[in-house]
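Hi everyone, thanks for coming. Today I'd like to walk you through one structure, with charged side chains as our theme. Please have a look at it with me.

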Protein chains: 2
Amino acid sequence: MLLRIDHVGIACRSLEEAIERYSSVFGLATSGESSYVQLLEPLGDDTPVGRFLARRGEGIHHVGYAVADVVSALETIGGRGVRLIDRRPRHGSMGASIAFLHPADLGGVLTELVQPRGVRET
Amino acid sequence: MLLRIDHVGIACRSLEEAIERYSSVFGLATSGESSYVQLLEPLGDDTPVGRFLARRGEGIHHVGYAVADVVSALETIGGRGVRLIDRRPRHGSMGASIAFLHPADLGGVLTELVQPRGVRET
């Protein structure tokens with residue numbers, strides 16, 4: 001069901017500083033076919049990333065996996081007893097359809113399913 | 001410098017339970033060319049993963065990036081002021097040469113450099 005790691009989401013207090021850090025330390029990776037790092041600065045304190053930062057500080061926030069069909073994947077995974085944060089897909093970045101699964105049922109890992117733009121539903 | 005995400009390391013209390021969880025929920029992903037999930041059960045309480053579990057509970061532990069030359073990457077990154085947990089590469093799984101970078105200088109992200117087996121040093 002999982003095609004590959006789509007991205008790793010990293011919570012940061014300042015996107016500007018995080019981009020500067022990644023570009024100065026590693027050189028900025030070009031975004032291509034492969035998995036990528038997604039830097040997440042919260043839009044406010046009372047947002048999922050804002051609450052994560054308050055509780056845990058900066059760090060890895062979630063893992064996203066590419067799937068061919070996010071609606072079907074949600075149905076299958078929900079049927080296996082995993083709580084779904086998003087019961088239906090919503091719009092993610094770059095035209096993707098995304099949905100989050102609850103970390104409490106996945107060993108503490110906030111997990112995102114990503115049907116990339118242009119991947120047809122079957 | 002970073003070629004791609006090599007893997008995401010996930011700390012778990014029981015490898016057996018974690019494998020069961022991933023295989024029953026998602027179906028076990030086959031390990032191929034692409035990025036993979038690495039499940040980490042500690043060998044004891046007083047190990048890096050053991051201390052992580054005591055402090056944070058189960059969850060995402062680190063991100064590993066593939067590099068072509070881990071010795072050269074360590075030298076470059078260390079020269080940019082990032083503290084190195086491993087000043088010299090050591091043996092990782094599947095014949096890789098690996099080294100960890102300190103999360104305090106990388107926005108709370110424990111970061112591993114991985115020179116996969118068979119990737120020649122330049």
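Let me begin with a question: which residues form a positive surface patch? The answer is four arginines, namely A:Arg55, A:Arg56, B:Arg55 and B:Arg56. Helix H2 (48-56) of chain A and helix H2 (48-56) of chain B are the elements that give two or more residues to this positive patch. Let's pick out one of the four. A:Arg55 sits in helix H2 of chain A. Is A:Arg55 buried or exposed? A:Arg55 counts as exposed, because its relative accessibility is 61% and the exposed class covers values over 50%.

Before we go further, a word on what we are looking at. This is a predicted model. For chain A, the mean pLDDT is 88, and 92% of the residues in that chain reach 70 or more. For the model, the scores are ipTM 0.86 and pTM 0.88.

Which residues gather in a patch of negative charge on the surface? Here we find A:Glu16, A:Glu17, A:Glu20 and A:Glu41. Let's zoom in on A:Glu41, which lies in the loop between strand E2 (36-40) and H2 of chain A. With a relative accessible area of 38%, A:Glu41 is partly exposed.

So much for patches; let's turn to pairs. Side chains of opposite charge can pair when their charged atoms come close. How many salt bridges are there over all chains? The count comes to 10, and I'll show you some of them.

In chain A, A:Arg4 forms a salt bridge with A:Asp6, and the closest N and O atoms are 3.8 Å apart. What about their surroundings? A:Arg4 is partly exposed at 28% relative accessibility. A:Asp6, on the other hand, has 6%, so it counts as buried, the cut-off being under 20%.

Over in chain B, the side chains of B:Arg4 and B:Asp6 meet in a salt bridge too, at 3.7 Å from N to O. B:Arg4 has a relative accessible area of 28% and is partly exposed, while B:Asp6 is buried at 5%.

Staying in chain B, please find B:Arg83 and B:Asp105. Their side chains meet in a salt bridge of 2.9 Å, N to O. Why does this pair tie together parts that are 22 residues apart in sequence? Because B:Arg83 lies in the loop between helix H3 (70-79) and strand E4 (90-91) of chain B, whereas B:Asp105 lies in the loop between E5 and strand E6 (111-115) of that chain. B:Arg83 is partly exposed, with a relative accessible area of 45%. B:Asp105 also counts as partly exposed, at 22% relative accessibility.

B:Pro48 is in helix H2 of chain B, and at 60% relative accessibility it counts as exposed. The C-alpha atoms of B:Pro48 and B:Pro89 are separated by 17 Å, and these residues are 41 residues apart along the chain. B:Ser97 belongs to strand E5 (residues 97-101) of chain B and is partly exposed, with a relative accessible area of 24%.

Terms used
Residues numbered from 1 in each chain as written. Chains lettered and ligands numbered in written order. Predicted model: local features only at pLDDT ≥ 70, side-chain atom pairs only at ≥ 80, totals over all residues. Heavy atoms only, no water. Patch = residues over 30% accessible without salt bridge, like charges linked within 9 Å, V, L, I, M, F, W, Y side chains within 5 Å. Areas by Shrake-Rupley, 256 points an atom, 1.4 Å probe, with all protein chains shown as cover. Lys, Arg positive; Asp, Glu negative; His and termini not counted. Charge placed at Lys NZ, Arg CZ, Asp CG, Glu CD. Helix = DSSP H or I, 4+ residues; strand = E, 2+ residues; numbered from the N terminus. Buried < 20%, exposed > 50% of the residue type's maximum accessible area, 1.4 Å probe, protein only. pLDDT = per-residue confidence, 0-100.
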